[in-house]
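Student: Please take a close look at the aromatic ring pairs in this model. I would like one connected account of them.

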Amino acid sequence: MRRAMPMRSVAVVVSVVFCLLGRLCQAEDALAGVPWFQALSMFHFPHLWTVDLDEHNFASVINSTTSKYVMVEFYAPWCPHCQHFAPEYERLGLTVSRFNNASNAARSRALQPPFASPAILSATVDCVAHEGICEDWGVTGFPTLLWGMREDWQARAGDRLKQINVTDPTTEAVEEWLGKEAHIDLSEFHVSRQEVMPFFRTQLAGTQPQALPSNLSSLPAIGLPVLPHTASAADLWDVQVAVGLLIHNAVSQLVKEHVDQGAATKGRAVLANFTSLLARRFPEHPDAFGAKASHTPPCRASLAALSRRLDGTTGITAGKVNNSDLDPDHLEQGWQLCGMPWVDYGERGWRSCRGTWPGKRGFTCGLWTLFHAVAAQAEDDDAASDLHILHATVSTFFDCDECRKHFEQIPVNPQDLVNRQAVQLWWWRTHNNVNRRVKSFEDRLQDGDPAFPKVQWPSPAECPSCRLPKRPRAFLQRRAPSPLRPERSEDELAQPAEEEEVWDFGEVASFLERYYSPASAHGR
């Protein structure tokens, strides 16, 4: 039987501010069951230097430890803040491991008993898999990092524990807190991100070392496996998941904005245009879901129904837009994308867009696939309009401010809009532009997905004929732009000469046609 803990009447409280966006992931969502849109982002980071605790071993590990202090991270694998903090906490775990080794060595030299060691036990609890533990310890947000003496944990005295309070969720910030609040100096044993990140990436890529060393300074350089995506066609399942998630996020935003008439009116119109476009262009396989040729394919039919709802008078009262009728829970009870239960999206998750590193691929991968697939089906006369609708959707509803601003700064020139092929090349060039920018961040932080490194796409393996022999930069800058040879962006011209890619734009256009054709794409 679970016992309610005194943590709910905490005497010593230090608020957790482990937020990347100014808020915590709320625990009640996870404890009541994981909604489909949160299940899509669930990710379990490998625990190499911290101990996994659950209902079976929590008490035994706490009661048997000889460490003086215990630090436990309570997390939810769907929570983006937890995913970003996961490698930082493991890095802290290695720092603590070095500190423990030094403390134990000093204790042994002084012939002191084990309990005299100031060592720290670093542990984690998955609050989705083991919600009872998190309820017992009064966890209300993720991640929550509790710190205290071994005796207080063993006595289940939650009121004597502290929550580690940092505004910057990094190893360095927690080390600083421990120095100020617990008077424990970990600076001598600090592990840099550059030192440990390759080891994490190797683990996530599937390489299992014989042992997990507490000191990595003597490890040889690790060769990371590169697993390029070489599918012969786009995966339409990931498009379907991305569209469902985008619509969910969009209607959630519209409900919040309904008090602002300007934002509410504009947002609803943008979403109506987006769903109307997909009612015509959603990339369904010709025999999707067994639909007969005389019937509208189910995904397009469902999107047409939603578009009519958005474009009608349902949410307009006395000339004012009231987007409260678009509450996502209420909407999803009466409307399904492609006629599929929403829970199926969470259970099946991403397929070709599934990443091997927290926060990577997934939604953005699915969106890029959607943009390319829609462009591949456009008519010459409508291609420019289609691009503007998708562009407005990203500008209005994509929830990464910095990413959105960069996307909006990428120019759309007249020659990019002359026909379908020109629009396809604009999306391809923009995708590579973003890849190049993201790669620079991932190289600096060393947190890219090891199985899917950011490269200029398509790779030589996917399209051997898409590249030409490299030519001098001056030649590249002299060429006049055309629909098949677009103007080069400042980001592209800023690349070092040795990184230049010289493309055969006609071959690239042919590749895009083949890869994103619904007839050749992978469906459900």
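Tutor: A residue is called buried under 20% relative accessible area, exposed over 50% and partly exposed in between, using a 1.4 Å probe and protein chains only. Tyr345 counts as buried because its relative accessibility is 1%. The model is predicted, so local features need pLDDT of at least 70 and side-chain atom pairs count only at pLDDT 80 or more, while totals for chains, interfaces and linings use all residues. Residues are numbered from 1 along each chain as its sequence is written, and side-chain values use heavy atoms, with hydrogens and water left out.

Rings of Phe, Tyr and Trp (its six-membered ring) pair if their centres lie within 6.5 Å; planes under 30 degrees apart count as stacked, over 60 as edge-to-face and the rest as tilted. The structure holds 28 aromatic pairs. In one of them, the ring centres of Trp237 and Tyr345 are 5.5 Å apart and the planes stand at 10°, so this pair is stacked. Trp237 belongs to helix H9 (residues 236-257) and Tyr345 to helix H13 (residues 342-348), 108 residues apart, so the pair links distant parts of the chain; helices (H or I, at least four residues) and strands (E, at least two) are DSSP runs, numbered from the N terminus. Trp237 is also buried, at 1% relative accessibility.

Trp237 and Tyr345 are part of a cluster linked by ring pairs, together with Trp36, Phe37, Trp335 and Trp342. Arg348 lies over the face of Trp237, 3.8 Å from the ring centre; a charge sits over a ring if NZ of Lys or CZ of Arg is within 6 Å of the ring centre and within 35 degrees of the ring normal.
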